[in-house]
Amino acid sequence: MKKRTEKLLALATLLAMGTTALASCGNKAASGESASGEAKSEGKVALSMAIWDEKQRAMTESLAEAYTKAHPDVSIEVQLTPYKGGEYWTKLEAAATGGKAPDVFWLNVLHTDSYVDGGILADLSDAIAKSDIKDNFPESLVNNYVRDGKNYAVPKDFDTNALWYNKEIFDEAGVSYPTNDMSYEDLVAKAEELKQAGLDEGVYPFACPVDFQTWYYQTVFANGGWILSEDKKTSGYEDPKTQGGIQCWIDMIDKELSPSSAALSETSADAMFEGGQLAMTFAGSYMVPEYTSNDNIKDKIDCVELPSFNGVDTNCINGLGFAVYEGSKNKEAATDFAIWLSSKEAMDIQGNTGVVISARNESQELFAKSSDKYALAVYTAHTDKAYPLPVCKNAAQLYDMESKALQKAYSGEESLAEACKALKTEADAFLAKNQ
């Protein structure tokens, strides 16, 4: 117990420093207490569940209601802590260090390695083996949470990316809309056509932010490049194929088809698109509720598949999982609830909201069906070929390191080759310390 506590304390200190760069209740939740600290509540097994998205609170409460209706001896308290600024992770780590973390909580792949090492996650291998998860979920999503042959979370949802466009801007420019069969070259040509048509001041054809998951990882992988070696001991930033998948976006900035990196550092591509300042942008499926509820653009926009690169249909796939706290006083009940959350009943409840794409194969189509106004089916096209994010221990710190180095190349302060050479040295040293 002492050894596990020491690991948790070390983890809390380390992640408090490294996770803030990537971070997105009732009275009990506000005080940091957890129902996992008590075995019973009003004669029921009391479980707590931690989430971070206000848009999914009502849906999560519906899941809890459906489960407790079938399990009247269980009560479930949904605790919401914002993701912004790393608040969710900071609170979770502090609670785990004190032995009072939520029984079930959302987990992303970026934190999996560190949380496994810290002893926070319960091993769900036996429960998953007895379920139908491995037969009904994409293998890549199941494997997101496997370490040393053990399963540490149940896949919840996934996100992929699409090309969104503003029809009003295209109509005013007299340029045809993007299509599902475009290549990167077609994207550049479309952007150049928009620029030549003469857009309003402050409006750009496209945006190329320093964004790994939604932009350059897609083209790095499609170009045959790589970020991490299989043993996670070496980085691939100096590989010409990796750099080719990054340089293509810098080229668009240099052609003034995108705002400068400085401008995009001040105002995100999402904000610019919602403000009518971009004709086209890439966006993850998690942005759909934001875009489609924005009064400024919701009646002017639609989406298509990402352009191919080098003839490869490219996309990155990522998502969340339901994890169980290793120190839960009700671990058996928490595990049963986590496994139930993978059921078709639960995945359909989630999918019908249209907020996220449910991970279960037979429930994925519900995301597209949630709206007949937008071509949301593009988000589930080619998911079998999508690339999972490269991850390692303390991956959030690596991504932050990568972003800072590449910002110099995007801004023109350094060449991409120079930036990647320095990045490889720093990244390889980091990986050596995080095995």
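**Chat: loops, a strand and salt bridges**

Q: Where does Asp200 lie?
A: Asp200 lies in the loop between α10 (184-197) and α11 (212-222). Helices (H or I, at least four residues) and strands (E, at least two) are DSSP runs, numbered from the N terminus.

Q: What kind of model is this?
A: This is a predicted model, where local features need pLDDT of at least 70, side-chain atom pairs count only at pLDDT 80 or more, and totals for chains, interfaces and linings use all residues. Residues are numbered from 1 along each chain as its sequence is written, and side-chain values use heavy atoms, with hydrogens and water left out.

Q: Back to Asp200. Buried or exposed?
A: Asp200 counts as exposed, at 54% relative accessibility. Buried means under 20% relative accessible area, exposed means over 50%, and partly exposed is in between (1.4 Å probe, protein chains only).

Q: New topic: β4. How many of its residues are buried?
A: In strand β4 (residues 104-108), 5 of the 5 residues are buried, so the strand is largely enclosed by the rest of the structure.

Q: Which residues sit on which side?
A: Val104, Trp106 and Asn108 are on one side of β4, with Phe105 and Leu107 on the other.

Q: Which strand pairs with β4 in the parallel sense?
A: Strand β2 (residues 44-51) does, over 2 bridges. Two strands pair if DSSP finds at least two bridges between them. Ala50 has Phe105 of β4 as its bridge partner.

Q: And in the antiparallel sense?
A: Strand β11 (residues 316-324) pairs that way with β4, over 5 bridges. There, Leu107 is partnered by Gly321 of β11.

Q: How many salt bridges?
A: The count is 16. A salt bridge needs a side-chain nitrogen of Lys or Arg within 4 Å of a carboxyl oxygen of Asp or Glu.

Q: What does Lys300 meet?
A: Lys300 meets Glu168 in a salt bridge (3.2 Å, N to O). Lys300 lies in the loop between α15 (288-292) and β10 and Glu168 in helix α9 (residues 167-173), so the pair ties together parts that are 132 residues apart in sequence.

Q: What about Lys369?
A: Its salt bridge is with Glu365 (3.3 Å, N to O). Lys369 and Glu365 are 4 residues apart in helix α18, about one helical turn.

Q: Last one: what phi does Asn310 have?
A: Asn310 has a positive phi of about 55 degrees, although it is not a glycine. Most residues other than glycine have a negative phi. Asn310 is in the loop between β10 (301-304) and β11.
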